[in-house]
Amino acid sequence: MWNIVSVLLAVGLLTLLIAWGKVQPLLAFVAASIAAALLLGVPPSKIPGAIEKGIGDLLGSLVVIICLGAVFGKLIADSGAARRIATCLVDALGPSRIPVALTVTGFVVGIPLYYNVGFVLLVPLIFSLVYSSGRPAVALAIPLLAGLSIAHGFLPPHPSPVALVSAIHADMGTTLLYGIVVAIPTLILAGPLFAMTLRRIQAQPAAMFQDGRQMDEGALPGVFNSFATALLPVLLLGATTVLMMARPDLNGGLSFLANPLVVMLVSYVVAIWTLGLAQGRRFSAVMQGPAEAMREIAPILLIIAGAGALKQVLVESGVSTDLGALLSSLPVPPLVLGWSVATVIRICLGSATVAGVTAGGIVAPLVHSSGVDPNLMVLAIGAGSLMCSHVNDSGFWMFKEYFGLSLKDTFRSWTLMETLVGVFGLLFVMLLSLFLHS
């Protein structure tokens, strides 16, 4: 029992340091890991080694994939491909289906772009449509932002899903395919359908958007080029995974091509040509993007590193076995438990990435002891990590300030949208689990 109390105290310390003390997350994770190790009886001489091993083991398998995902997404944004995708979908579906177009835009663009980049990039598009169509800004924004959130929480190559795949030994390709299956109905319900209830909320947009400025279309890459390049990682990973399922005899040759590192590297090299050199940009200019992307991704890598340290302490102390047995004995389905742990951490800390990777370390022994599908557990934790965004989440304040909303209207729109994504995400993960085992 003391072991479980020790874990709760360590997580409580982590929460206190980040949420109240505003301590940098890596430092907070290291402090919580040391506290947990001492409480759990790990010899002091072994604590530094355990922390270093946890950081190295988790980052060693992820850092290249996550960094490639960052530079790939940066190139998609800088080249104008994301804007081309958005404007193409809006034009193709017509004025009467703008919410549907924005829903698809958020999801498609959200796959290669990290959340904050996608948010800042697409907000001007939302306001240009607001001024040209006369529709309410919040009702147009929610479908797009729901798509970005779902991609951020559920789908590789985003950092939290990638880290969860590694932590609980899931398969990247299978998780991606399952994630798309779960994401589509979740997006429909939490995006355009929910947005229909928000038409009376009045936005007061930030001054920088009040001119409703239009984007220059002439310099953007072509439609096919934009879609094909942005979705190339999904297509490669999905195709190789399906082929390996259908033809096990080809696994030896396909395993190299299906490796996420290879998929992201190939996708980035292709993007350098299709969205850079082939568009007349100099190679040196194209290579300016990776430096900026690395600066943007560094804080996320540090969060993942810290989560690896805490996870290793739990393994070294042996408490992970006790934790797995305790969670398995609770009269709650394992997927719901994983979702619940992520939800609690999300409410306490605000960051979806911190909630996801921390919950992964806590729930990992449950996956092994219960026999639950690890790919579905990644999605359940991802859904929980998006729940109940409120005043300790930077996304909450970005939405409030960009759209000039009151706290009440921000809770009514943004917070409720994120909660619907989390609830329906879990629901469809559970339904998929029943279907797979029927």
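Contact here means heavy atoms within 4.5 Å. The model is predicted: local features need pLDDT of at least 70, side-chain atom pairs count only at pLDDT 80 or more, and totals for chains, interfaces and linings use all residues. Residues are numbered from 1 along each chain as its sequence is written, and side-chain values use heavy atoms, with hydrogens and water left out.

**View 1. Pro-260 in helix 13.**
Pro-260 belongs to helix 13 (residues 260-274). Helices (H or I, at least four residues) are DSSP runs, numbered from the N terminus. Setting aside neighbours within four places in sequence, Pro-260 contacts Ile-65 and Met-172. Pro-260 counts as buried because its relative accessibility is 18%. Buried means under 20% relative accessible area, exposed over 50%, and partly exposed in between (1.4 Å probe, protein chains only). Val-162 is 98 residues from Pro-260 along the chain, yet their C-alpha atoms are 9.5 Å apart.

**View 2. Helix 4 against helix 6.**
Two packed helices are described by the angle between their axes and the distance between the axes. Axes are lines fitted to C-alpha atoms, for helices over the stretch in contact, and angles run from 0 to 180 degrees between N-to-C directions. Helix 4 (residues 81-93) and helix 6 (residues 115-133) have axes that come within 10 Å and cross at roughly 30°. The pair is therefore roughly parallel. Angles under 35 degrees count as roughly parallel, over 145 as roughly antiparallel, 65 to 115 as roughly perpendicular and the rest as oblique. The crossing is right-handed. A crossing is right-handed if the near helix is turned clockwise from the far one by less than a right angle, and left-handed if anticlockwise. Helix 4 supplies Ala-82, Arg-83, Ala-86, Thr-87 and Val-90 to the contact, and helix 6 supplies Leu-121, Leu-122, Leu-125 and Leu-129. By class, this contact has seven nonpolar, one polar and one charged residues. Ala, Val, Leu, Ile, Met, Phe, Trp, Tyr, Cys and Pro count as nonpolar, Asp, Glu, Lys and Arg as charged, and the others, Gly among them, as polar.

**View 3. Helix 8 against helix 15.**
Helix 8 (residues 159-167) packs on helix 15 (residues 288-317) at an angle of about 25°, with the axes 11 Å apart. That angle makes the two helices roughly parallel. Their crossing is right-handed. From helix 8 come Pro-159, Ala-163 and Ala-167; they meet Ile-297, Ile-300, Ile-304 and Lys-311 of helix 15. The contact holds six nonpolar, no polar and one charged residues.

**View 4. Ile-304 and the largest nonpolar core.**
A nonpolar core is a set of buried Ala, Val, Leu, Ile, Met, Phe, Trp, Tyr and Cys residues joined through side-chain atoms within 4.5 Å. The largest one has 149 residues, and Leu-145, Phe-154, Ile-304, Met-377, Phe-399 and Phe-403 touch the most other members. Helix 3 (residues 47-78) gives the most to this core, with 15 residues. What does Ile-304 contact, leaving aside its neighbours within four places in sequence? The partners are Leu-58, Leu-59, Leu-62, Ile-66, Pro-159, Ala-163 and Val-357.

**View 5. Thr-175 in helix 9.**
Thr-175 sits in helix 9 (residues 172-195). Its relative accessibility is 0%, so Thr-175 counts as buried. Beyond four places in sequence, Thr-175 contacts Phe-154, Pro-156, Val-165, Ala-170, Asn-375, Val-378 and Leu-379.

The axes of helix 19 and helix 21 (residues 407-436) come within 8 Å and cross at roughly 165°. Helix 19 is therefore roughly antiparallel to helix 21. This crossing is left-handed. Leu-376, Leu-379, Ala-380 and Ala-383 of helix 19 meet Gly-422, Gly-425, Leu-426, Val-429, Leu-432, Ser-433 and Leu-436 of helix 21. The contact has eight nonpolar, three polar and no charged residues. Ala-380 lies in helix 19, which spans residues 374-384. Ala-380 is buried, at 0% relative accessible area. Not counting residues up to four places away in sequence, Ala-380 touches Leu-335, Trp-339, Leu-426 and Val-429.

Lys-22 is in the loop between helix 1 (2-20) and helix 2 (25-39). Its phi is near 55°, a positive value in a residue other than glycine. Lys-22 is exposed, with a relative accessible area of 64%. Cys-388 lies in the loop between helix 19 and helix 20 (394-403). Phi of Cys-388 is near 55°, again positive in a residue other than glycine. Cys-388 is partly exposed, at 23% relative accessibility.
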